[in-house]
Amino acid sequence: MQNAKKILSDLQNGIIHPIYFLSGEEAYFIDEIANYIEANILDESEKGFNQVVLYGRDVTIDDIVGNAKRYPMMADRQVVIVKEAQDLSRNIDKLASYVENPQPSTVLVICYKYKKLDKRKALAKALKKSGVHYENKKLYENQVGDWLQGVVTKKGYQINPKAAHILVEYLGTDLSKVNNEIKKLMLILPQGSEITPEAIEENIGISKDFNNFELRKAVGERDIVKAQRISLYFSQNPKDNPLVLTISSLYGFFSNLLKYHGLPQKDKGTVAKTLGVNPYFIGEYTTAARHYPMKRVSAAIALLREADVKSKGVGASAFATPDLLKELLVKIMG
């Protein structure tokens, strides 16, 4: 994420390289850089003759090189963007000869999503000398919240920590999907307002009361009635609340709780850093630690592992699956 910010900052300051090879598991940052170059490097009057967008499935490496070697018309530079370049993965190393001697007046952007280059091969080595090679990894769930806070603040909004957590819980770590939902909210909510759980429920359809975040909180507080109410809602809406994800969420919670018990110092800063959570949620771990000593946490983790196997069809019939969560919660909290 920081590398992507540096590339964008350099572009905004007029530091432009002849080649940008954008690769890795997280498509959002690749699109962000490519879209910025597409929108800002050339003036609108220059784009007609000097900007071309190609797609990997429709071209060859020779086509890309041929376009890149052209001279700009009535402009200082041209821009060639190759989207979905991962479709050329079998032959991508053939681009090395161009990268070793790129056209100075061309900005060539290769969007190589969900793939990584072999660092031992010629292309990766050539990029070190002549271009920008950006490679990313998927953000962890606890990193997505910080990213989301930054995106929202940049747009002039605020987001409640609980609301951010609900979005990440529901949508996962696909930044493009999360960003699309945030854009929808920003079209509805007035500039400068706070995105709340209520706004998410009303406009996106994610329940503020019946979600994995609220279930974890209820379990941590040993609120059996609330936990079973959420469990019932999940069993009635299985498509929106997959059991596998619920078990994974609870497993992450108890794994963090085990780390919490092992900390010699339990001040907010230390706990937040060690567990990788927003300080806003530290109180939930403090409460849960009172209800679940280390021995009970270890037992809960063992139960969750067993339930995870059963939820995937091993040792449990499909008919029994809706009752798995109910039984699991009774065993953990009983």
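Trainee: Which helices each supply at least two residues of the lining of the largest cavity?

Mentor: Those helices are α11 (212–220) and α15 (282–291), helices being DSSP runs of H or I with at least four residues, numbered from the N terminus. The model is predicted: local features need pLDDT of at least 70, side-chain atom pairs count only at pLDDT 80 or more, and totals for chains, interfaces and linings use all residues. Residues are numbered from 1 along each chain as its sequence is written, and side-chain values use heavy atoms, without hydrogens and water.

Trainee: What makes a residue part of that lining?

Mentor: A cavity is a set of points on a 1 Å grid over the protein atoms alone where a 1.4 Å probe fits but cannot get out, and a lining residue has an atom within 4 Å of a point. Arg216, Lys217, Gly220, Glu221, Glu284, Thr287 and Ala288 meet this criterion for the largest cavity, which holds about 30 Å³ of space.

Trainee: Why are α13 and α16 called roughly antiparallel?

Mentor: The axes of α13 (residues 243–262) and α16 (residues 294–311) cross at roughly 160° and come within 9 Å. Axes are lines fitted to C-alpha atoms over the stretch in contact, with angles from 0 to 180 degrees between N-to-C directions. Angles over 145 degrees count as roughly antiparallel; α13 and α16 are therefore described in that way.

Trainee: What is the handedness of the crossing of α13 and α16?

Mentor: The crossing is left-handed: the near helix is turned anticlockwise from the far one by less than a right angle.

Methods
Angles under 35 degrees count as roughly parallel, over 145 as roughly antiparallel, 65 to 115 as roughly perpendicular and the rest as oblique. On a 1 Å grid over the protein atoms alone, a cavity is a set of points where a 1.4 Å probe fits but cannot get out, and a pocket is an open set with protein on both sides within 12 Å along at least five of seven lines; lining residues have an atom within 4 Å of a point. Grid points are joined across faces, edges and corners, and a volume is the space filled by probe spheres set on the points.
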